Amino acid sequence: MTPPLIEPARIGLVVNPVAGLGGRVGLKGSDGADVQRQARALGARAAAPARAELTIRQLRALAGDVDILTAAGPMGADSAGPTARVVHRPAGEPTGEPTTAADTRAAVRAVVAAGARLLLFCGGDGTARDVLAALGPEPAVPVLGIPAGVKMHSAVFAVHPRAAAEVAAAWARGTGVRLTAAEVVDRDEAALRAGRVGARLYGRLTVPVLPARVQQRKTGSSGPAPAALDGIAAELAERIGPGGLFVLGPGTTTHGVAAALGAPDTALTGVDVLRLRRDGTARVELRDARADQLLALPTTPWIALSPIGGQGFLLGRGNQQLSPELLRAAGPERLLVLATEAKLAALAGRPLLLDTGDPALDDALSGHVRVITGRRATAVYRVTC
Amino acid sequence: MTDRRTPSRARIAPKPALRRFQQARWDEKLIFELGSPGERGVLPPLPDPAVTAAVGSPADRLPAALRRTAAPALPELGQQQVLRHYLRLSQENLGADLNVDVGQGTCTMKYSPKVNDTFVRDRRIAALHPAQDPSTVQGVLELAYRLEQLLKEISGMDRVSLQPGAGSAAIWTNVSVIRAHHAARGEAGQRDEIITTAFSHPSNAACAKTAGYRVITLHPDADGYPDFEALRAAVGPRTAALLITNPEDTGIYNPRIAEFVELVHRAGGLCAYDQANANGILGITRAREAGFDLCHFNLHKTFSTPHACGGPAAGACGVTAELAPHLPRPTVEFDGERYRLDDGGPESVGKIRPYLGVVPNLVRAYAWIMSLGADGLREAAETAVLNNNYLLALVRRIHGVSVPYAEGRPRVEQVRYSWQRLSEDTGLHSEELGYRAADFGTHYWTSHHPYVVPEPMTLEPTESYSRADLDEYAAILAEVAREAYEEPETVRTAPHRSTVHRIRHEPLDDPAVWAVSWRAYRRKVLGEQP
């Protein structure tokens, strides 16, 4: 029998099944067994296997015959379908024990050793760090992240699962893809305690890039100029009106806006519920709220949020508490996007990005959005999924 | 032996390829800190006692409320001390007449011909008073009238006001006319939004806001053009106007400009063309042909009058016949024999500044246009574009530079470059490269906030600079870039041979610290109690 002239592209897949557990329930990540237990207790379900499955299905549709090498069970085989080759079995697999960071590292090494030429992994920044640790400082294969974590500050992720499939398919065809070194970063806990949202650099992976399909690294923020935030806060207050209830997303911009409204005690990385008083100041009604609490509010709230600096994610990164259900209830007219002109400029023309987990909602919100940049000032900016 | 035979050749070294510039550093005090009580530059004679006895002191004629109780605390210096002070300060500058000033992109630092200053100093201009009766100043009225005719031809507009005192004053005039237009149609309340773009001059947004409008900014698309779909999303029944530049600060000409204008017109809005810098399109394309209702020129950018460190400058605001009744008053009219000032009707926006405008700059601009003629204006534009694309060809070869947007296409009169790659490689910033350039006798500025183009550098050679000038400028940039890679500390600690001047940005953004007057300096910097 003659071998095929062109062998199918050999692509590795490693899924971190516990990635993203903390997001919807308002935890700041899913790293560590304690946090994962806490998340499950709050009713969280893992989203990673389904997102990986979406990518693989799309990849097969685009690229046809691909040879998928993966790990058993929820670490890949469950998402990759019966034609995938299982080249690794995690230690706890038969008993159904939750997987650990060590399992991720072992699976990555096994899949690459078995001959994968491109590695897709599904998770967040914590998973990216494990991939980096497994591959070492001079990775032999390019890597692309399928976004499923809570924190995704690293530049190794596709903008959403379908985009990961597009990039991988282009890589398999050998067309249009450029390999580039991309930073693996994770939240800098020391900076966070000091009141800044910053990111720490852990290393670089080689990433296949199609323009606009791989997200940029988040830029650290030492805080926008206070005068700009005063203007945004005044405009926000005018739009919402006295007595209005509003949900405020995470980040330095929204934190500063809340402070300008006289509520300095919002959660820097969480979602809060505030009410505007008659005098134009605001008070925090619910701090660090979960998705279910936001759905249970007495009236439909306004939703004020700011994209992640340098990266542009508006929904679906670090603010998964803003569930598709809540966003649908509020509607686009109650969605207020806040950013300083400098923050928009730092996006260098890249669009704002959506990944709410509900593709139809992402499509409905796509187009152009009016971003509040100051008092009586807005920018019309492109938003896409 | 050799030395004795050719002593001069042995001792004189040739000039280096790059000049070893060494700037003066005087550590000069502020003028308020100089001099001593009673020192005077001029001692005017007292009036004749008989005159004083007859009419009293002129101060007595002023209302008591307007009279000072104490003399102002002005510096007290002799003439020589004043002259020396300002000469020293001038030696600590890199002025437009001193360096290859192509680094102030967006400012259009073309040469201001000195001969034109002799017309301004002529007593037939210099000795006029703005309040003279028009019958006694027919000459200057004729000049203003003729300049208006020239600018009408250059822009295609039906009337041009020369009253604005600068570019921003001209934009303010545009916005005032727009407001008056909608008010006359009973739509002033409904039309409360003005649209502009991220690469248009920020004075457009600022003037609109000052006039009470809500401002909507369009960001560039992936090719650097203003996003047409964003305009579609922004425009509507609340749209008062679009204020837009073309080419924008990137030097990229927006070929869809007529569609932008048409879309806004269909919604009932007006379109104002910011032609402050029309240097790449003089005699080639006009505001009228693109469908604009208003436009303005900065005479100090396009028409060679001096920038003069922030003024006085002059702006010219052109409008269609429909908007002409809203122009500032007075206008200059000519009946075929005499020139007169016309105060216009009730729909005029009134005065943007007193009298005719900044007459010395009107004289210079008129002289410049007349010396070039129509063909000369077009040649100036073509030379400016040629110079720009020549410099672009040199600069894009420098390692670490990129030319964002519209890949491979030529630029009009300027280019916004990016040092992002060099910055990522070396950790140095564009601003620091500009500081280091000062050690070679030139500079560039990076005041392009917010930085839509990262690590920006905007170069605009105009028609004034020679090929040798541009070669030198590019060689300096190449040398600074080489240093950034090979000896970054040299760049990081620059300038070494310039006056001082590493700018601390924080005080510039902080009203609690900045000091723009002597009084504020004493309170905020010296810590004196008022």
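Which domains does the domain assignment of chain A give? Domain 1 covers 9-209 and domain 2 covers 226-384, with bounds that come from an automatic or database domain assignment. The structure is a predicted model, in which local features need pLDDT of at least 70 and side-chain atom pairs count only at pLDDT 80 or more, while totals for chains, interfaces and linings use all residues. Residues are numbered from 1 along each chain as its sequence is written, and chains are lettered from A and ligands numbered from 1 in the order in which they are written.

**Chain A and its domains**

- Chain A holds 13 helices and 16 strands, where helices (H or I, at least four residues) and strands (E, at least two) are DSSP runs numbered from the N terminus.
- Of the 385 residues of chain A, 58% are buried, a residue being buried if 20 or more other C-beta atoms lie within 10 Å of its own, exposed if 12 or fewer, and partly exposed in between, with C-beta atoms placed from the backbone.
- Among the contacts in chain A with a separation of 6 or more, 70% join residues 24 or more positions apart; two residues are in contact if their C-beta atoms, placed from the backbone, lie within 7 Å.
- The centres of domain 1 and domain 2 of chain A, taken over C-alpha atoms, are separated by 28 Å, and the contact takes 16 residues from domain 1 of chain A and 18 residues from domain 2 of chain A.
- On the side of domain 1 of chain A that touches domain 2 of chain A, the residues divide into 9 nonpolar, 4 polar and 3 charged, with Ala, Val, Leu, Ile, Met, Phe, Trp, Tyr, Cys and Pro counted as nonpolar, Asp, Glu, Lys and Arg as charged, and the others, Gly among them, as polar.

**Where chain A meets chain B**

- In this interface, 16 residues of chain A are in contact with 19 residues of chain B, and helix 12 (341-345), strand 15 (367-374) and strand 16 (377-384) of chain A each supply at least two residues of the chain A side.
- Strand 16 of chain A gives the largest share of that side, 6 residues.
- Strand 16 of chain A also pairs with strand 3 (residues 214-218) of chain B in the parallel sense over 4 bridges, pairing being assigned if DSSP finds at least two bridges between two strands.
- Within strand 3 of chain B, B:T217 is the bridge partner of A:A379.

**Helix 14 of chain B**

- Helix 14 (residues 430-437) of chain B is largely enclosed by the rest of the structure, because 7 of its 8 residues are buried.
- Its buried residues, among them B:L433 and B:Y435, pack against helix 13 (420-426), strand 11 (456-459), helix 15 (467-486) and helix 16 (488-492) of chain B.
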